[in-house]
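Here's a walk through a two-chain model, one piece at a time. Have a look at it first, then read on.

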Amino acid sequence: MATTKEKIFKVVTILVVVTILICAGWIMGRHLGLVPEYDFGAGAYYYADIPGFENIIKDEGYHTKVPYWVHVVLFLCWGWLMYRLWVWIDKRK
Amino acid sequence: MEKSKNVSAFWGKEDWQAVWIGFIVILIACIAVLTKAFDFSAVKFSTWAVGESAATKAVPLAQQLGAWVFWRKLIVTVVVLCALFTLGVKLQGESVKKYIPAFLCLFVIALVVRFISAEFTLNRYLEWAFWALLIGLLISNTVGVPDWLKPAIKTEFYIKTGLVIMGFSVLFSNIAKFGLYGLGIAWIVTPIVIIFMWWLGTKILKIDNKPLVITLASATSVCGTSAAIATGAASGAKKDDLSIAISISIIFTILMMVFEPMIIKAVGMNQLMGGALIGGTVDSTGAVVLAGSALGPEAEQVASLVKMIQNILIGFIAFAVAIFFATRVDKTSEKKVGAGEIWTRFPKFIIGFFAASLIASFLIQPIFGGAAVKEINGVLDQYKNWAFVLAFTSIGLDTNFKELAKQMHGGKVLWLYIVGQVFNIALTLFAVWFLLSGVVFDVPVLDLFK
């Protein structure tokens, strides 16, 4: 038997799902958020799926004085640290 | 199965097959583009529209189907994919006679998926992953999947091959495109959100399906569908897990693409910070560019830069997930898992993904230039998409609605996404304020806006 708490959770979840689907349908029906000049939308999941992405990201967009290798070292260090944190959290009951 | 024993693991195992099939496609694409000797492009429907609409870029269907080039590309696509996957199936020791007709039928269904998902409204918001799942589900839950079609339903094989091809588009040089600002926003926040969602999902909500939790977490924090595909494959997620994670991500992306820039404008946040927030939180790359452009050109640039850095993370996150699952989730005893065991369990296609990425970043790009890499990726992108459409159609054909509903864990999965996404937005907002508000560091100025 589902408790009252579980029933409330179920009802709220269903209401959220219905609201989200109605909102999404409403947005799609009105073509909201699109740019007429662009031949893609939210359905372009990955950057390579976007026609002319190289024209959107300009190569001269930003120049940093920090060497490339510093980015790589920081990237790897943070990744390693986070992996250790993930393992530590997973070990905790 | 007897036959597969006589073939080495490299040629006979699906995991390694994905690597060499992916590399054959990459090699042919490189030769085609660099020598200009032949056209290796795969077929793709251009956007089409029903009646009069706002679809300014739409190309009438009659025009598309009337062009010889469309049919030539269709023949190239079906021959290349059928030949390579059939070779793989033969080396796995399965029946080629049964596979070829089944594959051709699956390809026709995938072609219908791509045709439908090229329609203006459906293309702009949902695209192929959603329609592949839906059409597959409709077939399997109404008329059913005939036995003769089942040999072609090889979801993991297609996904892994698509991922190896996708690896070529991940360029490491992009990591410094927005300096330490971009790295800070994209890379500091992303793993924290993944760990938070893992903790929330497995410890608080007690969802026992760990591959589903990690697939949803990476879809939320990295870049939606692409990240979910890679992490799902790395963690051994079931077909239903992937369907759920991607469906949730796609639907919420539509909402975030429209409402996030509205809220940013309403609170008066500047374009630099607003763009970075969008780049770090909206799941799909297309939605990021559009939401950024709603704020202005500077926001569009920053949003795209941050998202591009997140796109690089896909391989690293998948690698970490594969190691984590091999050493912690899939281990059968309390003993520490040795290197040999990790290697056995490790999904080999990730090696192919990284190898493709390294070759593109440190070999092809320095020798032939960025323009050549972009052109090669233009060709490879469609093969990647075809492999994924075949995979998602297979998932739909192999799933029933009851199983799918069960995997929602009574709604807990939806709340995991919502709470995780709220946390992602809050943390990214803090990172954006810390790095770009000018309170702590100098405000960066993009060269285009100097």
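Helices here are DSSP runs of H or I with at least four residues, and strands are runs of E with at least two, all numbered from the N terminus. By that count chain B has 21 helices and zero strands. Its radius of gyration (taken over C-alpha atoms) is 22 Å, close to the 22 Å that the globule rule, 2.2 Å times the number of residues to the power 0.38, gives for 450 residues, so chain B is as compact as a globular protein of that length.

Some housekeeping: this is a predicted model, where local features need pLDDT of at least 70 and side-chain atom pairs count only at pLDDT 80 or more, while totals for chains, interfaces and linings use all residues. Residues are numbered from 1 along each chain as its sequence is written, and chains are lettered from A and ligands numbered from 1 in the order in which they are written.

Back to chain B: its C-alpha trace spans about 65 × 60 × 50 Å along the principal axes. Buried residues (20 or more other C-beta atoms within 10 Å of their own, with C-beta atoms placed from the backbone) make up 52% of the 450.

Now pick out H13(B), residues 239-267. Of its 29 residues, 21 are buried, so the helix is largely enclosed by the rest of the structure.

Finally, the partner: 53 residues of chain A are in contact (C-beta atoms, placed from the backbone, within 7 Å) with 63 residues of chain B. On chain A's side, the largest share, 14 residues, comes from H3(A).

Key: Two residues are in contact if their C-beta atoms, placed from the backbone, lie within 7 Å. A residue is buried if 20 or more other C-beta atoms lie within 10 Å of its own, exposed if 12 or fewer, and partly exposed in between; C-beta atoms are placed from the backbone. The expected span of a helix is 1.5 Å times one less than its number of residues.
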